[in-house]
Amino acid sequence: MPRLGMVIDLKRCIGCQACTLACKAEQGTPKGVFYTRVLEKEEGTYPNVKKTFVPVLCNHCQNAPCERVCPTGATSKRPDGVVLVDHNVCIGCRACYAACPYNNRFFLAKGILSQGYFDNGLTPFERMKYGELQEGVVAKCTFCVERVEQGLEPSCVNTCTAGARVFGDLDDADSEVSRLLRQRKGVQLLSECDTDPSVYYLWG
Amino acid sequence: MQTSVRSTSSQAGERWIQSVCKMCLHGCGIRVRVKDGVVVKIEGDPTNPDNLGKLCAKGQAGIMRHYDPSRFRSPLKRTNPQKGPGVDPRWQEISWDEALDIVTEKLKKIRETDPRKFIASIGDFQRIFNWGWGAVFGSPHFFTTVGQYCGAAYHPINGMVDASFAAINDYEYCNYWIQIGCGDGFSSHLHLAGSAKRMADARVNRGMKVVIVEPRLSQGAAKADEWIPIRPATDRAFVLGMMHVLVHELGVYDRQFLKHHTNAPYLVGPDGYIARDKASGKALIWDPLDDEAKTFDEATIRDFALEGSYAVDGFTCRPAFQVFKTMLEEHPPERMSQICTVPAETIRRIAKEFGEAARIGSTIVVDGVELPYRPAAVNFYRGALSHKDGGLDNMTYKLINILVGNIDVPGGHLGVPLDPRGFWIAPGEDGMLKPQVHMLHPPFPFSFPPNSSQLLEYFPIGMDAGHLNAETLLNPQKYHIDFEPEAMLLYHSNPLWNMPSTRKIQKIFEKMKFIVAIDVVPNESNEWADIILPDHTYLESTCLVSLEPPVVTDDALRQPVVPPMHNTRDATDILTELADRLGFLGGWNDLHNFALGLVNDPEQLLGPDKRYTMEERMDRMAKARYGGDCGLAWFKEHGHRVRRKTAQEQYMPYGKLRIPFYFEFVKKMGAELRQNLEPHGVQWDYSSYVPLPFWRSSPLHDAAPRYDLYAIGFKSPELNFEENVTIPWVYELIHKLPSHMGVLINPATARARGIEDGDLIAIESVEDEILGVARLTEGMHPETVAISNGITRWVNHPTIKYRATHFNALLPSSLEHTDYFTGAFETTARVAVRKIEG
């Protein structure tokens, strides 16, 4: 059984936001909901000023606080490490939302799926994609498991223009993700939280 | 994990279709997932070596352009006689017949009286072969600045240097990449998706050093090894300073390349022209070993002098390189530093690093051929050259590349052809490559009075200076314009938004008695139309596409992935029907015979009397270009023919033909223009028609003291080119990004004016005043404010909910701010910025 994970090379990421919208297109997320985003941070004083781009998404933690606090078992970790929310079981209590130290879960409020991006009704795209979602539940990045099962990469990885996002089997020593982690020393976000994310960052 | 295009989905009702993106002009390969007739995903075509399976944010957002409920769904007739910004046209849906009847009636009268009363404003890059519709109608006007903010000074000089259209540094072999006012590999310019991957691979896998020179901490500057902030519109001074260091302080330049591949050794007489052999008329060089002048191609030449001063036929002549070297004496880093604000020691250090990284004298074997290896290059674009002296700017950046011998060799600065026709290689004078400065349409011969509202007859080298319409059409007598336009075609064009001097352009719109627009969605200009003729989206239409790909060549097929949603028609078919109704179908078909390259295969030529459909035209284009068995059917089956250029196509494809180091051609063209214009008493400025660049100030830098700051516009990757913020995904996205949340200003600069983050500010230039919200950032040159193109739109579209900060309105359109050589205009403004109280 593989352990699926992502390595994000911050040296490569140019903050182009292609991943942000590739996710939106693939997952059909409604207004205000971004399963992945690229954060920007500016530091220093002119002319010694730096800007950093940091893509963020659900970390698919192996020691996942969201899974621990979920009262219904809606959030669970698959054997391949992917953390998913079963929307048929989720009661929308948002305990996971509060427990996630990364702020990468989204509550799909009542009514959100009847508001399209344009003010005058849903587009055919939205009608189709919103049909795959539910209101009153918590949603988040799924590592695009439906694509992965078809032999495709997650949508954000597929489109990443700078090749900053790499997806694969963390347990396979020959995989690209394992090779990058060996060579470049990956870092997990908020490692002090002891959540053991499956998303690693290469800083240098 | 990539799989082939046609077998990715086993799910019922789903299929992937290969096509081409049109969310910017360039056309990356895409594949589109269609489920039960609905477009559910667009992503990069993994089989296309151009964009390598990648697609930018805008390309991803194409779905929401296609399904925009504000799309024009049927031909429309205006019922509100009032026109103005934000005025509801009160569209009424009408039939195609009625719409075309109305347009025909209006335009026919004009064509029969004086066709110059008709103005075409066309901005559809992927169908560039349609740009001549107005010319075939009989109207030479070009009423838009499409391309002019960026390419006016760029394309003619690329064509002059190596018969290319654009240029890029060598992603594969470059080790030291200087980038000035340009987004290649990070944001805008050529084919973002594939370029970003190639740039990242070079930086991360090969350790290529990147130095970014620009006033704003852009995406590229953020990722670069070094960001060098610079005062806007002074990049030429920075590079002149670098060349001074290379030539006068370090002695680092590629003597062999200059001697054997350029006209640097050609002797220049006291009049500034190349000295010629009296008998043969051939250019002369000085052979220092035989101590005598010889014609450039004499077999006895033992060496070429690059320096010195020699008496030839009683005149003192100097090799062109010596003239250049003498010019550089006036441009030491200390003086250039005062102009561009980059410290002199930085100019010196960068010049030294660049010169060392160029590895002059080294070679490399590529595809079995030994070539010079020069892995250092300067790349540049709009920010570096869309200025009053854009021609001199561009010559300067080409010269620093030529100086180290890196033009069209591995690691260096490479020409990028416009399309699969490649470099336009032909022998010119004196053993040189023929300058190709008119790749978009033939030059307009000189005429007085001028026929075109953009005065193209006065620009023998430049592209269409569309911004001049604001001057000529409002002051016709001053410019000897003896016609008054009264009707306009807008075809995927938005001149009210993209031209400078917005108030003046609006006055021209007010004068129009009839406007017809071919478009997909509302924009600032087509809301003034009387008739809308709705076009398909790119997901519903057909076109062979290949435009300025930096690494690859040959076409890909845009094809319908879904049937038309609405009562729309293909734009080319609309233009064909109108041409027929107006009586110039033969001329229109003949234009396509040339523009589509059908003349290369007589079997594919269009006859004069038939309304060929767009598909038929593309079929013939494909067959003429790739052979009779490679028509549209082949492309529908295979998707594209895109392939990497071969080393022979990319590296010095012109062989031993020399490229210019000394731009005598420019001087000659200026002299010819002067001969043409002076007898008519036309006041004109010929001072930029010079063979070598130099630094001089401009009205921008000499602005009145109250305009104490500079204002620049910028694009970032999620807003690359047009078609952006009316798409709600893009609109929502950019409002989370600090660089699009207002007018960027350095905190020290802001606070000196009592401005804090979030304050409402006024930005005033000589041309206009605009309002915006101050956004303080340390990533700005202190003399500069910057305005994202994401906050400049005011179209009446439900997605747009902000107050526009329309940068272009700040820019004057006058000849004073125009480069008389290339037709470029000054795209930086001088401004006063103040807080709006209360």
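Guide: Two strands pair if DSSP finds at least two bridges between them; strands (E, at least two residues) and helices (H or I, at least four residues) are themselves DSSP runs, numbered from the N terminus. The model here is a predicted one, in which local features need pLDDT of at least 70 and side-chain atom pairs count only at pLDDT 80 or more, while totals for chains, interfaces and linings use all residues. Residues are numbered from 1 along each chain as its sequence is written, and chains are lettered from A and ligands numbered from 1 in the order in which they are written.

Visitor: What makes strand 27 and strand 31 of chain B a pair?

Guide: Strand 27 (residues 709–714) and strand 31 of chain B are joined by five bridges and run parallel, and since the rule asks for at least two bridges, they count as paired. Within that pairing, B:Gly713 has B:Ile787 of strand 31 as its bridge partner. Strand 28 (residues 743–745) of chain B also pairs with strand 31, over two bridges and in the antiparallel sense, with B:Leu744 standing opposite B:Ala786.

Visitor: Why is strand 31 of chain B called largely enclosed?

Guide: A residue is buried if 20 or more other C-beta atoms, placed from the backbone, lie within 10 Å of its own, exposed if 12 or fewer do, and partly exposed in between. Five of the five residues of strand 31 (residues 784–788) of chain B are buried, so the rest of the structure largely encloses this strand. Both faces are covered, with B:Thr784, B:Ala786 and B:Ser788 on one side and B:Val785 and B:Ile787 on the other.

Visitor: How do you know that strand 1 of chain A is mostly covered?

Guide: Six of the six residues in strand 1 (residues 4–9) of chain A are buried. A:Leu4, A:Met6 and A:Ile8 point one way, whereas A:Gly5, A:Val7 and A:Asp9 point the other way, and all are buried. Strand 1 of chain A is joined by five bridges to strand 8 (residues 165–169) of chain A, the two running antiparallel, and by four bridges to strand 9 (residues 199–202) of chain A, the two running parallel. A:Ile8 takes part in both pairings: its bridge partner in strand 8 is A:Arg165, and in strand 9 of chain A it stands opposite A:Tyr201.

Visitor: What makes strand 11 and strand 14 of chain B edge strands?

Guide: Three strands of chain B form an open sheet in the order 11-15-14, with antiparallel pairing. Strand 11 (267–268) and strand 14 (310–312) of chain B each have a single partner strand, so one side of each is left without a neighbour in the sheet. Two bridges join strand 11 to strand 15 (residues 315–319) of chain B, and B:Leu267 has B:Pro319 as its bridge partner in strand 15.

Visitor: Which residues touch the most other members of the largest nonpolar core?

Guide: A nonpolar core is a set of buried Ala, Val, Leu, Ile, Met, Phe, Trp, Tyr and Cys residues joined through C-beta atoms within 7 Å. The largest has 238 residues, of which B:Phe238, B:Met242, B:Met243 and B:Leu267 touch the most other members. Helix 8 (residues 235–250) of chain B gives the most to this core, with nine residues. Apart from it lies another core, of 44 residues, including B:Trp91 and B:Ile515.

Visitor: Why is helix 20 of chain B called largely enclosed?

Guide: Ten of its 13 residues are buried, so helix 20 of chain B is largely enclosed by the rest of the structure; among the buried ones are B:Met614, B:Met618 and B:Met621. Helix 20 (residues 614–626) of chain B reaches 18 Å from its first C-alpha to its last, close to the 18 Å expected at 1.5 Å a residue, a figure found as 1.5 Å times one less than the number of residues. After helix 20 of chain B comes B:Gly627, whose phi is positive, near 105 degrees.
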